[in-house]
Amino acid sequence: MKKQKYLFLGITFLLSFGFALFVAMSVFPNNPFSKRKTENTIESKLKDGDIILQTSQSAQCEAVRIATNSKFSHCGIIYNVNGNWFVFEAVQPVKLTPFEDWIKHGKDNKYVVKRLIDDKVLTPEVLQKMKDYSQQFDGKEYDAYFEWTDTKIYCSELVWKIYKNAAGIELSKLRYLKDFNLSDARVQKILKERYGNEIPLDEKVVAPVDLANSKVLKTIIDNY
């Protein structure tokens, strides 16, 4: 009788725990038990070569947002490396950052993922070419002066050049520094710190907003 009693109690406990866990996952989707499931759902939407944008919070990034009239101030390319998702980004230095860590660096963990409308052109061969081309920038210094050279590089320049030079795809037209809103005091402060009185107004520039508004890209994820 004792064995049957303990067996009954054990089965009752397991059933109660299972039911409670099911309710918790259904009613409270952000609880620890369901976190991995949510992350997997997000990551299942990603593809090699996707472009991701976010709102960074440094003074320079604030100036970028103002000058470009956009909420976006940082971006990168999503790569799958050995089954794990990373964002290849131009920070200090240029590097691969785990996808989940990259998300945490943005304001309120918000981000947008973009993809080529005709993504069939990103064949395995083209994607590998993009990754191979990317290696030349790995470890390079971030370009705080936004120069159109490969010596140093900034975030949207990195994305644009990888697509253009490795995949033959022009994500957007290049603009010049003088095309942006440079009149705001916060923007002028950054420009003064960077260039003094010699602001290179005719320097070629591509901004995160140019990629966000690209006519050859479509939105895959937007949690703003």
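User: Which element gives the largest share of the lining of the largest pocket?

Analyst: Helix 3 does, with six residues. The model is predicted.

User: How much volume does the largest pocket have, and which residues are closest to its centre?

Analyst: The volume is about 470 Å³. Of the 30 lining residues, Q60, C61, V64, Y142 and F146 are the closest to the centre.

User: At what angle do the axes of helix 3 and helix 7 cross?

Analyst: At roughly 120°, and the axes come within 8 Å.

User: Why is helix 3 called oblique to helix 7?

Analyst: Roughly perpendicular ends at 115 degrees, and roughly antiparallel starts over 145. The crossing angle is roughly 120°, so helix 3 counts as oblique to helix 7. Helix 3 passes helix 7 in a left-handed crossing.

User: Which residues make the contact of helix 3 with helix 7?

Analyst: Helix 3 brings A59, Q60, E62, A63, I66 and A67. Helix 7 brings R186, V187, I190 and R194. They count as contacts because heavy atoms lie within 4.5 Å. The contact divides into six nonpolar residues, one polar and three charged.

User: How do the axes of helix 5 and helix 6 cross?

Analyst: They cross at roughly 125° and come within 9 Å. Helix 5 covers residues 124–134.

User: What makes helix 5 oblique to helix 6?

Analyst: Again, set the angle against the limits. Roughly 125° falls between 115 and 145 degrees, so helix 5 is oblique to helix 6. The crossing of helix 5 past helix 6 is right-handed. On helix 5, V126, K129, M130, Y133 and S134 make the contact. On helix 6, the partners are K161, I162, Y163, N165, A166 and A167. This contact has seven nonpolar residues, two polar and two charged.

User: How do you know that the peptide bond joining Q92 and P93 is cis?

Analyst: Omega gives the value: about 0° for this bond. Most peptide bonds are trans. P93 sits in the loop between strand 3 (84–90) and strand 4 (94–98).

User: Why does the phi of D108 get a mention?

Analyst: D108 has a positive phi of about 60°, yet D108 is not a glycine. Most residues other than glycine have a negative phi. D108 lies in the loop between helix 4 (99–104) and strand 5 (112–116).

Conventions
Residues are numbered from 1 along each chain as its sequence is written. This is a predicted model: local features need pLDDT of at least 70, side-chain atom pairs count only at pLDDT 80 or more; totals for chains, interfaces and linings use all residues. Side-chain values use heavy atoms; hydrogens and water are left out. On a 1 Å grid over the protein atoms alone, a cavity is a set of points where a 1.4 Å probe fits but cannot get out, and a pocket is an open set with protein on both sides within 12 Å along at least five of seven lines; lining residues have an atom within 4 Å of a point. Grid points are joined across faces, edges and corners, and a volume is the space filled by probe spheres set on the points. Helices (H or I, at least four residues) and strands (E, at least two) are DSSP runs, numbered from the N terminus. Axes are lines fitted to C-alpha atoms, for helices over the stretch in contact, and angles run from 0 to 180 degrees between N-to-C directions. Angles under 35 degrees count as roughly parallel, over 145 as roughly antiparallel, 65 to 115 as roughly perpendicular and the rest as oblique. A crossing is left-handed if the near helix is turned anticlockwise from the far one by less than a right angle, and right-handed if clockwise. Ala, Val, Leu, Ile, Met, Phe, Trp, Tyr, Cys and Pro count as nonpolar, Asp, Glu, Lys and Arg as charged, and the others, Gly among them, as polar.
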